[in-house]
Amino acid sequence: MTEFDSPDAPRKNRVSAPIRGAKLGPVEFLRFAWRLLTSMRTAIILLVLVAIAAIPGSIVPQRSSDPNGVSNLYSSDPDLAKLYDQFQLFDTFTSVWFSSIYLLLFVSLIGCIIPRIIHHWGVLRAAPAEAPSSWGRLTERRLEPATGGIVASLDRAERALRAKRYRVLRDGDSIAAEFGYLRETGNLVFHVALVGILATLALASGFGWNGQRVLVEGQTFTNQLSSYDTFHPGAWFAESNLQPYGLTLNSFTPTYVHDDVKDAWMPVDFTADMTVTDSTGIHDATLKVNDPLVAGGSSIYLLGNGFAPVITVTNGAGDVVFDQPVVFLSQDSNLTSVGVVKIPDGIGDGLGMQGFFYPSAVKLDSGALASNSPEPTNPTVTFNVYTGDLGLDSGASANAFQLPIDTLKQIAGRHTGVEVVLTPGDTFTLPDGLGTVTFSSLSRFVGIEIRHDATQLGVALSAFFLVAGLLAALATRRRRVWVRVSGTARNPKLEWGAMSRGDDPQLDATVNALVASARQGPNDKVATV
Amino acid sequence: MSSLENISLIATYSAMAVYTISFILFAVDLAGRAESMGKPVPTRWLRSAMATLVLGWTIHAFADITRGISAHRVPWANMYEFGLTATLVLVGVFLGLNLWRDVRYVGAFVSGFALLALGIVTVNFYVSVSPLPPALQSYWLVIHVCVAVLGTGFFATGAALSSAQLFQHAREEGKLGGRSWRFLSAFPASDALEALAYRILVIGFVFWTFTVMAGAIWAERAWGRYWGWDTKEVWSFIIWVLFAGYIHARATRGWRGRPAAVLSLVGFTAVVFNFTIVNLFFKGLHVYSGL
């Protein structure tokens, strides 16, 4: 970090370029390349390059943080998306080019700090440095009468330095003292901690995993692979890593307030009442935003919520072919939501319904419905009903929230003259004796994320040492002080000299305080000057 | 709109008016230094400039506190409030710094920048007090944004000194001659300006390190992961890396001086970019601007 070029630090700023035209042997070339890579200039350039290389990660949607953005671009501009993909722009932070820059940076960093650690280890065990041969080069110099004799005044100087926690070497008539080893120690700790973060990510992230699940009120999630809607295992994940527990959503309660200025409803609280069943028993728990739940060694987060109307469908023979809550995804702050019902078998050639849900439906002048509040004051579902092959048997993966309406035949709903508008308890009779559709009741759902992150502890520890090292390095100044005897035998004097590594506007005051303290002896009260 | 909220807004506009006077006085002082014969020294306008700045800051602090009281929470939960508090901290850092060192010569820069930033957030991003959405209901809002505001204040003051350093450097090389640049001779030499800028930017860097870490801890609780390369996280990372580069540059022969100062200004540009363009035009999880 700071003062990489301090005089006795091994990192060299001067990279001796090979003489033009001179042939380099492979060993010399490697040595030259290594020195170039571990030089400070290279480190600065790599830092700036890392900053520049991160910019695309904020402009182009990333697969890791915004997968929808990526698929949207693929549908709106496939050529551009393909081009982006070729340059790994959707995966900036795992791309070859970004990785090579930061790996080079870390190789450069490690190549720099290892010699410095060895050097500093030696310095920590060595005596303070001897005074420079040219005393006149020192930043601060003081000449003091050696009151009470040479030995006594040197003793007082030594005590004054030790009282200020200088490391002191007394050698006959001279004293060498040094302070502030913590600066380089903190500096090195900071850099080692950076390597610690990277090493943790490299070694431990493979043990992590995360999965998502939509849970409707009354439903229970059991922690096994098949219970997740989506699951992202790390490289070393095994299903046996999932500890058994169950999680029931008893109820979900959102609270909204009306903002009169914006004339809009704002959520102020989301609370999910859960029951956790694990090896320790059955207990109730509350899950909120910003307040994750811990179960089975992993954390459970509340990430989304919405309405799940319970829809019941019977076929022409009166058999119930579908009876379950249907998750509707909200589209706006008043929770106007869309959902899809797919019944491939048991009713005609297959039945598909595209639904719209309005928690508090009002009729606009145009005749269309809208929701004027996120609270279910007048919950209403409308459907567009289609028959035909839903394509679920073909084996191709299908989006649960889309119907292949181009290949289906619409039999009811918008533009057919037969509107399907249901409030709880309402039943709609499908045309041609196909059956009935009932909005049986209304539930809510939550989207939860369950995550096990094996890197947290290592990164947190590294971050702690990073901050501690940074603060220690910045708060400490490396100072060297020397005292020697001069003057005549009848009029002996102590000569003080001091210098600091780097800028040190306080050095003058520090030396004054040391000299004053040595004049009095560090334990006596210093008379106010 | 509650009456206290109204009072806060009126105080904000009053603070801007007083900052305008202060900025003019700082500018008159610099121009006066350029006009006077012999070695330019601070003019009598400097004292009035400082006095008006302190007055403006007091009104500004009143606006910020009443905003917090009327919202029943910390006054930095949306873009307007962040801007209101960050400019307060910026002027506060500048005033506090003057108790330690005389840096009044960058007063025109600081008052001008604070006025501009405060004007932009008030005119364009003003929103009335509204309740916090669940994602922001966390004591990490207090910690994370507070250190971000402090970091921004120090980065801005450092940027003021780094720009003064660049002008001074050019003048020392004889590139900025003539009467209009004479006021620079009342400034410290470029290497003294650099040493001061460095000390302030290092404090900014420490605050920024805390910002990123507090943000990561909060992100872990709110979003289930401590780092996910959200657009705001990307830019916080870029800023951290740029200032890390600056700190290294300052200790490296060949990078010390002008290149390091340029890097510091690039870093501050990224800070401003992160607050404006990223908030307004980039998609991400930090959509708290309330627009």
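**Exercise 1.** Determine which element gives the largest share of the lining of the second largest cavity, and describe that lining by class.

*Solution.* Step 1: H10(A) supplies the largest share, 3 residues; helices (H or I, at least four residues) and strands (E, at least two) are DSSP runs, numbered from the N terminus. Step 2: the elements giving two or more residues are strand E1 (140-145), helix H7 (150-163), strand E24 (492-500) and helix H10 (507-520) of chain A. Step 3: the lining includes Glu144(A), Arg156(A), Trp496(A) and Arg519(A). Step 4: by class it has 6 nonpolar, 2 polar and 3 charged residues (Ala, Val, Leu, Ile, Met, Phe, Trp, Tyr, Cys and Pro count as nonpolar, Asp, Glu, Lys and Arg as charged, the others, Gly among them, as polar).

The model is predicted: local features need pLDDT of at least 70, side-chain atom pairs count only at 80 or more, and totals for chains, interfaces and linings use all residues. Residues are numbered from 1 along each chain as its sequence is written, chains are lettered from A and ligands numbered from 1 in written order, and side-chain values use heavy atoms, without hydrogens and water.

**Exercise 2.** State the mean pLDDT of chain A and locate a stretch under 50.

*Solution.* Step 1: pLDDT is the predictor's confidence in each residue, from 0 to 100; its mean for chain A is 88, and 93% of the residues reach 70 or more. Step 2: residues 1-16 of chain A stay under 50. Step 3: for this stretch the model has 59 contacts (heavy atoms within 4.5 Å) beyond four places in sequence.

Technical notes:
On a 1 Å grid over the protein atoms alone, a cavity is a set of points where a 1.4 Å probe fits but cannot get out, and a pocket is an open set with protein on both sides within 12 Å along at least five of seven lines; lining residues have an atom within 4 Å of a point.
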